[in-house]
Amino acid sequence: MDTTKTPAPNAAEADTTPVALEKAETTQPAEAAADSAVTDEVTDADLDDEALAEDEAEDREPSHVGSAAFAIVAAGLGVVALSGSWVAGIVSERASVAARLELTQAADANAQIAAQFVDRWHTTAMVNGIFSALALIVATFVLALPAFSSPERTLPTWVRSVSWAGIGLGALGILLFVLMYFDLLVAIPKAAGVGA
């Protein structure tokens, strides 16, 4: 009996398996390179998206929320100055009470008129004048704000319109304050028969 083994008919192919391993090894770095190329492309795409988002954020128009709010406040203050406010009513009542407490029994009619009415009018005019001045200052601040920021920044049209309305109402309120406080709009009533 022959105990020697004959080589398998595929022995030559068995010798070439290292070549197949080399091919397999060469395909693995190629796949890794392809994966890294895809990763680089994704990374570059992500970076491009981030840069684009930053550019869009810089190019985006500012919201002007603060300017709009201040413009509305200015117009509201102007309306309050012209129509009167709760504050003006309270302060004028206090001025009237204080003037009446200072009156004596022997005070003439003109002094009583001044204590009961004129001091109240002047105090109301003063409070409304303060509201008008605030409206004028706030509206002017809103309109002047773009001049102190970037030159290309402009306010929306409606914000500018409301600010101009606040300036107009504030100026009208200050004019009425001057006319009322110095008794140019309505003359102080005088008691008849008392020394002129």
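Modeller: Asp 183 lies in the segment after helix H6 (157-181), where helices (H or I, at least four residues) and strands (E, at least two) are DSSP runs, numbered from the N terminus. This is a predicted model, in which local features need pLDDT of at least 70 and side-chain atom pairs count only at pLDDT 80 or more, while totals for chains, interfaces and linings use all residues. Residues are numbered from 1 along each chain as its sequence is written, and side-chain values use heavy atoms, with hydrogens and water left out.

Colleague: What is the phi of Asp 183 near?

Modeller: Asp 183 is partly exposed, with a relative accessible area of 22%; here buried means under 20% relative accessible area, exposed over 50%, and partly exposed in between (1.4 Å probe, protein chains only). Its phi is positive although the residue is other than glycine, and the value is near 55 degrees.

Colleague: How many helices and how many strands does the protein have?

Modeller: Read along the sequence, the protein follows the pattern α-α-α-α-α-α. The count is accordingly zero strands and six helices.

Colleague: What percentage of the contacts with a separation of 6 or more comes from residues 24 or more positions apart?

Modeller: A contact means heavy atoms within 4.5 Å. Among the contacts in the protein with a separation of 6 or more, the share from residues 24 or more positions apart is 82%.

Colleague: Which residue's backbone oxygen does the side chain of His 122 reach?

Modeller: His 122 lies in helix H5 and is buried, with a relative accessible area of 18%. Leaving aside neighbours within four places in sequence, His 122 is in contact with Met 180, Tyr 181 and Asp 183. The side chain of His 122 comes to 3.2 Å from a backbone oxygen, and that oxygen belongs to Tyr 181.

Colleague: How many residues are in the second, separate core?

Modeller: Ala 135, a member of the largest core, touches Ala 74, Leu 77, Gly 78, Gly 166 and Gly 170, not counting residues up to four places away in sequence. The second core is separate and includes Ala 68, Ala 71, Leu 155 and Val 159, and its number of residues is five.

Colleague: How many residues apart in sequence are the parts that the pair of Phe 70 and Phe 141 ties together?

Modeller: Rings of Phe, Tyr and Trp (its six-membered ring) pair if their centres lie within 6.5 Å, with planes under 30 degrees apart counted as stacked, over 60 as edge-to-face and the rest as tilted; by this rule the count comes to four aromatic pairs. The rings of Phe 70 and Phe 141 have their centres 6.2 Å apart and their planes at 80 degrees, so the pair is edge-to-face. Phe 70 is partly exposed at 43% relative accessible area, and Phe 141 is partly exposed at 44%. Phe 70 lies in helix H3 and Phe 141 in helix H5, so the parts tied together are separated in sequence by 71 residues.

Colleague: Which residues do ring pairs link into a cluster?

Modeller: The rings of Tyr 181 and Phe 182 have their centres 5.3 Å apart and their planes at 85 degrees, so this pair is edge-to-face. Tyr 181 is partly exposed, with a relative accessible area of 29%. The cluster linked by ring pairs consists of Phe 177, Tyr 181 and Phe 182.

Colleague: Which residue forms a salt bridge with Arg 120?

Modeller: A salt bridge is a side-chain nitrogen of Lys or Arg within 4 Å of a carboxyl oxygen of Asp or Glu, and a search of the whole structure finds one. Arg 120 counts as partly exposed at 25% relative accessibility. The closest N and O atoms of the pair are 2.6 Å apart, and the partner of Arg 120 is Glu 93.

Terms used
Core = buried A, V, L, I, M, F, W, Y, C linked by side-chain atoms within 4.5 Å. Polar contact = N/O pair within 3.5 Å; in protein donor to acceptor, adjacent residues only side chain to side chain.
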